[in-house]
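Trainee: Hi, could you walk me through this one? I'd like to ask things as they come up.

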Amino acid sequence: MTRTELHLALLKNDTPMPEVMEHVGDYLQQFDTVFKKAADNEHLVLTWDAFDVVNKQEYPSMEDIDNGKYDAILLTGSKHNAHDNEPWILKLVDFIQQVQTKHVDKTKIVGICFGHQIILRAAGGVTGKNEAGWELGWTQLKLTEEGKKYLKTERDTIRINQFHQDHVSVLPNGYRSLAYTKGSTPNHITVSNNQQCFTIQGHPEFSRDTMRTMLTVRRDNGVLDKDMANRALDILANAPPEMEDVWFAERALDFICERLHD
């Protein structure tokens, strides 16, 4: 039966910087913006429930998950490190592990950046600082042959905004990489063999304006090296307008609707 509606749970792992919030809102608004465009193309209606897992440490109930309330649980990015052991991060890892082991057939799990790392950490992967350093702004990801087949595309590369210095260096058993950046991030898009988890290191929810704001603020407050940030800003300014942000959101919705298969 063709799906027409999806009920999604969004685990918010951070609050965007004020300069971003002022223009595009919090993570719920940012996710809704890109996923609504994708949902319109896919003829789907989305309903969101958002959970603050950092400050309020609130989560969907296991009863709701077991009863099939949520078609998918999505995890946002964060300024925090997925390999840290702060209490809220350990609680998040434990929650995802429970869903991965006890509710495999009840809901999908989709992770973005920090969320990608948390999902793979929970499954037994290795996360940490990337020795290649920061990956910033407009970036082309190379799809593997398996990635092209799984994502049902002939394109060799996709363009997704990035803002990370951490990555998943070792995939857990039962996962495979669908995309990478040569010499930097080997596991950019992953999927679990049991078809429950789908993740991306980049940020399809970040618009070009959001990316420009974040690079500028992080440069000016010293988080990013000035020359490195300026190079990323120059690439962003001169890059073609087309990106695969909505395209990737469409693939995520296809995954949730079980339209992607080996």
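Trainee: How many disulfides does the count come to?
Mentor: Zero, by the rule used here, which takes a disulfide as a pair of cysteine sulfur atoms within 2.5 Å. Keep in mind that this is a predicted model, where local features need pLDDT of at least 70, side-chain atom pairs count only at pLDDT 80 or more, and totals for chains, interfaces and linings use all residues. Residues are numbered from 1 along each chain as its sequence is written, and side-chain values use heavy atoms, with hydrogens and water left out.

Trainee: Is Cys113 buried or exposed?
Mentor: Cys113 counts as buried because its relative accessibility is 5%. Buried means under 20% relative accessible area, exposed means over 50%, and partly exposed is in between, using a 1.4 Å probe and protein chains only. Cys257 is buried too, with a relative accessible area of 11%.

Trainee: Changing topic: how many residues of α5 are buried?
Mentor: Nine of its nine, so this helix is mostly covered. Among them are Phe114, His116, Gln117 and Arg121. Helices (H or I, at least four residues) and strands (E, at least two) are DSSP runs, numbered from the N terminus.

Trainee: What follows α5?
Mentor: Gly124 does, and its phi is positive, near 110°.

Trainee: What counts as a pocket, though?
Mentor: Work on a 1 Å grid over the protein atoms alone: a pocket is an open set of points with protein on both sides within 12 Å along at least five of seven lines, while a cavity is a set where a 1.4 Å probe fits but cannot get out. Lining residues have an atom within 4 Å of a point. Grid points are joined across faces, edges and corners, and the volume is the space filled by probe spheres set on the points.

Trainee: How does the lining of the largest pocket split by class?
Mentor: It has 11 nonpolar, nine polar and four charged residues. Here Ala, Val, Leu, Ile, Met, Phe, Trp, Tyr, Cys and Pro count as nonpolar, Asp, Glu, Lys and Arg as charged, and the others, Gly among them, as polar.

Trainee: What about the second largest pocket: how much space is there?
Mentor: About 230 Å³. Its lining has 16 residues, and Lys37, Glu205, Phe206, Ser207 and Asp245 are the closest to its centre. α2, α7 and α9 each give two or more residues to that lining, and α2 gives the most, with four.

Trainee: Which residues touch the most other members in the largest nonpolar core?
Mentor: Phe35, Leu74, Ile189, Phe198, Leu215 and Leu253, out of 57 residues. α9 gives the most to this core, with eight residues. A nonpolar core is a set of buried Ala, Val, Leu, Ile, Met, Phe, Trp, Tyr and Cys residues joined through side-chain atoms within 4.5 Å. Apart from it lies another core of 27 residues, including Val53, Val54, Tyr70 and Ile89.

Trainee: What does Leu253 touch?
Mentor: Leaving out residues up to four places away in sequence, Leu253 touches Leu6, Phe35, Ala38, Ala39, Glu42, Leu44 and Leu46. Contact means heavy atoms within 4.5 Å.

Trainee: And where does Asp254 lie?
Mentor: In helix α9, residues 245-256. Asp254 is buried, with a relative accessible area of 8%. With residues up to four places away in sequence not counted, Asp254 touches Glu42, Arg259 and Leu260.

Trainee: Last one: where is Gln57 found?
Mentor: In the loop between β2 (45-52) and α3 (62-66). Gln57 is partly exposed, at a relative accessible area of 31%. Setting aside neighbours within four places in sequence, Gln57 is in contact with Asp52, Trp88 and Lys91.
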